[in-house]
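Subject: Structure handover

Hello,

Here is the structure for you to look at. My notes on it follow below.

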Amino acid sequence: MFSHWQQDDWGMLLFFLNLFPLFFELSENKTLGIIPPTVQKKAVEQSAIWLKLFEETFAVSIEKKKKIADQLNHLFLFNHYLLEVHALTGIFPIVDEIRLKKTAPQYMADFSFFSKKLFAEISPRNPKITEVFSLLLANTIVSYLAYRPIVKVHILSDLGDAFEAMQKEALIAGLSNDYRIKFVQTEEAADLTISNLPTHYAKSVQVRSTIDARDLRMIRQVLKKRNS
């Protein structure tokens with residue numbers, strides 16, 4: 001879906017969307033032109049449909065709704081007045097869809113469901129632009145990072161609190177793109193025990209005193225097997 005846009009394509013899209021209000025004034029103070037009330041009303045109605053369907057699909061109440069609605073109004077006015085440019089028929093990889101499907105499959109499934117419902121309601125003239133812009137807006141409201149799987153980790157160390165804190169920071173920095181790390185106090189409550197000592201625990205990984213890239217690769221492999 002979003003795998004082959006060029007950077008110039010994305011820059012062009014942002015250029016049009018940002019420049020649009022300069023050409024068509026939404027208020028009574030006219031600049032270079034004015035949008036007919038019927039067109040304004042349609043854009044507002046489509047924005048309201050977008051917001052309603054998004055809240056229903058993602059089970060959230062959108063904060064800063066007016067700001068999001070203003071951005072959507074510009075998008076739907078763009079849809080009304082301009083057809084998709086050939087150069088915009090690809091997708092700039094601002095979001096890695098393949099990775100998202102692996103790390104946050106439920107998020108992408110929810111967004112796909114939302115898009116289908118939205119398109120059935122509004123039938124946009126520029127479906128690709130509408131979809132990519134909607135995905136970017138969606139991430140400002142509900143980040144896909146919130147859909148990462150939770151991994152409960154127990155740290156077992158004989159090196160003291162300072163080293164344990166360093167180990168926690170290393171785990172968060174190394175794994176947070178794919179997992180939400182929650183630290184627990186016991187092995188029984190953990191999905192994985194990380195220890196710098198040999199243990200008898202079945203769900204454990206022995207690491208170096210200072211967790212490095214090799215340790216992180218090993219932990220990823222264990223987690224991958226656990227989730228497969």
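A contact here means heavy atoms within 4.5 Å. Take contacts in the protein chain between residues at least 6 apart in sequence: 72% of them join residues at least 24 apart.

Some ground rules. This is a predicted model, with local features needing pLDDT of at least 70 and side-chain atom pairs counting only at pLDDT 80 or more, while totals for chains, interfaces and linings use all residues. Residues are numbered from 1 along each chain as its sequence is written, and side-chain values use heavy atoms, with hydrogens and water left out.

**Overall layout**

The protein chain has eight helices and four strands. Both are DSSP runs numbered from the N terminus (helices H or I, at least four residues; strands E, at least two). Along the sequence the pattern reads α-α-α-α-α-α-β-α-β-β-β-α. Of the 228 residues in the protein chain, 38% are buried. Buried means under 20% relative accessible area, exposed means over 50%, and partly exposed lies in between (1.4 Å probe, protein chains only).

**Pockets**

Rolling a probe the size of a water molecule over the atoms shows where empty space is left. The search ran on a 1 Å grid over the protein atoms alone, with a 1.4 Å probe; a pocket is an open set of points with protein on both sides within 12 Å along at least five of seven lines, and lining residues have an atom within 4 Å of a point. Grid points are joined across faces, edges and corners, and a volume is the space filled by probe spheres set on the points.

The largest pocket has a volume of about 340 Å³. Twelve residues line it, and K102, T103, D178, Y179 and K224 lie nearest its centre. Which helices each supply at least two residues of this lining? They are α4 (97-103), α5 (105-122) and α8 (213-227). The largest share, three residues, comes from α8. By class the lining has five nonpolar, three polar and four charged residues. For these classes, Ala, Val, Leu, Ile, Met, Phe, Trp, Tyr, Cys and Pro count as nonpolar, Asp, Glu, Lys and Arg as charged, and the others, Gly among them, as polar.

The second largest pocket has a volume of about 160 Å³. Its lining is V60, S61, I62, E63, K64, K67, I68, T140 and I141. Helices α3 (65-81) and α6 (127-141) each supply at least two of the lining residues. By class, this lining has four nonpolar, two polar and three charged residues.

**D178 and L175**

D178 sits in the loop between α7 (161-175) and β2 (180-183). D178 counts as buried because its relative accessible area is 10%. Its side chain makes a polar contact with the side chain of R220 (2.6 Å). A polar contact is a pair of N or O atoms within 3.5 Å; within protein, one must be able to donate a hydrogen and the other to accept it, and residues adjacent in sequence count only if both atoms are side-chain atoms. Leaving out residues up to four places away in sequence, D178 touches R99, T103, R148, P149 and R220.

L175 lies in helix α7. It is buried, at 2% relative accessibility. Not counting residues up to four places away in sequence, L175 touches I181, L216, I219, R220 and L223.

**Helix α3 and N79**

The 17 residues of α3 should span 24 Å at 1.5 Å a residue, and its end C-alpha atoms are 24 Å apart, so the two agree. The expected span is 1.5 Å times one less than the number of residues. Buried residues in α3 include I68, L72, F76 and N79.

N79 has a relative accessible area of 4%. Its side chain makes a polar contact with the side chain of N126 (2.8 Å). Beyond its neighbours within four places in sequence, N79 is in contact with P124, R125, N126 and T130.

**V142**

V142 lies in the loop between α6 and β1 (150-156). Is V142 buried or exposed? It is buried, with a relative accessible area of 11%. V142 and V60 are 82 residues apart in sequence and 8.3 Å apart in space, C-alpha to C-alpha.

Best regards
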